[in-house]
Amino acid sequence: MASSWEILKASARILRSRKELTMFPVLSGCTLGILTIALGVLVVSIPALRDSTAGLIIVVAVFYFLGAYVLTFWQAALISQADVTLDGGDPSVASGIARATRAGVRLAPWTAIVATVSYLLDVAERRLPQLNIVLDMAWNVTSFQVLPMMVLEDESVPGAVRRAREAFREVWGRNILGVASTGLISLVPAVPGAVLIWLALTELDGAMIVVVALIGILFIAAGAVIASALKGIYQTVLHHYLVDRRMPEAFGGIDGSQLVRTRRSATA
């Protein structure tokens, strides 16, 4: 548990010194926004589409896949540049796009898997909200190393899934703390953001509603950006240790051996 927490804190220090890594979640959000607008325009501009349930389902499904692909693509770009940073290089958006584009075709089937699992988890959340938390955590932990394997090792989806499964067998249960924390971090600014939005809608009037609500939305967006960037760095650090059995230089003071099972602990 201590090593996971130390890695998370060191990841935060890297993010503070390499703020350009936050550009990838920002660009991901912007791209999703453009897709959402495009979907709205398409539905509004084609009346026949609104009257066709089958057609509307197909269009929404296509945009759902494209949205999942956007998230996967920009996370792949972030991981590639987190890797450059950990190796002492200078990350850039252009290099991240180029690296993710190189894996573009291979990302498509993984995106389809992610989109399908996400949809099933959404269904589970509506029917079994308590169980969904466990299922969502299990999925995030078991799939945590698939994308780094695809981007940094040029693995296919089956190869990446196999290697990620092998890596998961080694990763201590305590490492769940690090996986979960990258998501929980987004709650730090999200809570005051939600409070500001609530105040704007219930206590204010006039132009102040828009101003305060926008500030609240910015708080929530900032939390999502920071959490996504930290997740990419954390994924990459863990990948380095699982593949090379050494921590990157910036994490040299952390005992990485606590992150994986030794033969003795695995049989204990």
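Figure 1. Among contacts (heavy atoms within 4.5 Å) in the chain between residues at least 6 apart in sequence, 74% join residues at least 24 apart. The secondary structure comes to 13 helices and 0 strands, where helices (H or I, at least four residues) and strands (E, at least two) are DSSP runs numbered from the N terminus. Of the 268 residues, 40% count as buried; buried means under 20% relative accessible area, exposed over 50%, and partly exposed in between, with a 1.4 Å probe and protein chains only. The model is predicted, so that local features need pLDDT of at least 70 and side-chain atom pairs count only at pLDDT 80 or more, whereas totals for chains, interfaces and linings use all residues. Residues are numbered from 1 along each chain as its sequence is written, and side-chain values use heavy atoms, with hydrogens and water left out.

**Figure 2. The largest nonpolar core.** A nonpolar core is a set of buried Ala, Val, Leu, Ile, Met, Phe, Trp, Tyr and Cys residues joined through side-chain atoms within 4.5 Å. The largest one has 45 residues, and those with the most contacts inside it are Leu 107, Trp 110, Leu 147, Met 150 and Ile 233. At least two residues of this core are supplied by each of α1 (2-17), α2 (23-45), α4 (53-86), α6 (104-127), α8 (146-152), α9 (157-170) and α12 (207-244). Helix α4 gives the largest share, 11 residues. Ile 233 is in contact with Ser 11, Ile 14, Leu 15, Leu 21 and Ala 82, leaving aside its neighbours within four places in sequence.

**Figure 3. Packing of α6 against α7.** The axes of α6 and helix α7 (residues 129-142) come within 7 Å and cross at roughly 160°. This makes α6 roughly antiparallel to α7, a term for angles over 145 degrees, while those under 35 count as roughly parallel, 65 to 115 as roughly perpendicular and the rest as oblique. Axes are lines fitted to C-alpha atoms, for helices over the stretch in contact, and angles run from 0 to 180 degrees between N-to-C directions. The residues of α6 that make the contact include Trp 110, Ile 113, Val 114 and Val 117, and those of α7 include Pro 129, Leu 135 and Trp 139. By class, the contact has 9 nonpolar, 1 polar and 4 charged residues; Ala, Val, Leu, Ile, Met, Phe, Trp, Tyr, Cys and Pro count as nonpolar, Asp, Glu, Lys and Arg as charged, and the others, Gly among them, as polar.

**Figure 4. Surroundings of Gln 81.** Gln 81 is placed in helix α4 and counts as buried, at 2% relative accessibility. Not counting residues up to four places away in sequence, Gln 81 touches Leu 21, Phe 24, Asp 90, Pro 91, Ser 92, Ser 95 and Gly 96.

**Figure 5. Phe 168 in helix α9.** Phe 168 is partly exposed, with a relative accessible area of 38%. Beyond its neighbours within four places in sequence, Phe 168 is in contact with Val 141 and Thr 142. Phe 168 and Leu 242 are 74 residues apart in sequence and 9.6 Å apart in space, C-alpha to C-alpha.

**Figure 6. Two exposed sites, Asp 87 and Leu 201.** Asp 87 lies in the loop between α4 and α5 (93-102) and has 52% relative accessibility. Leu 201 is found in helix α11 (residues 187-202), with a relative accessible area of 63%. Leu 201 and Ala 213 are 12 residues apart in sequence and 7.7 Å apart in space, C-alpha to C-alpha.
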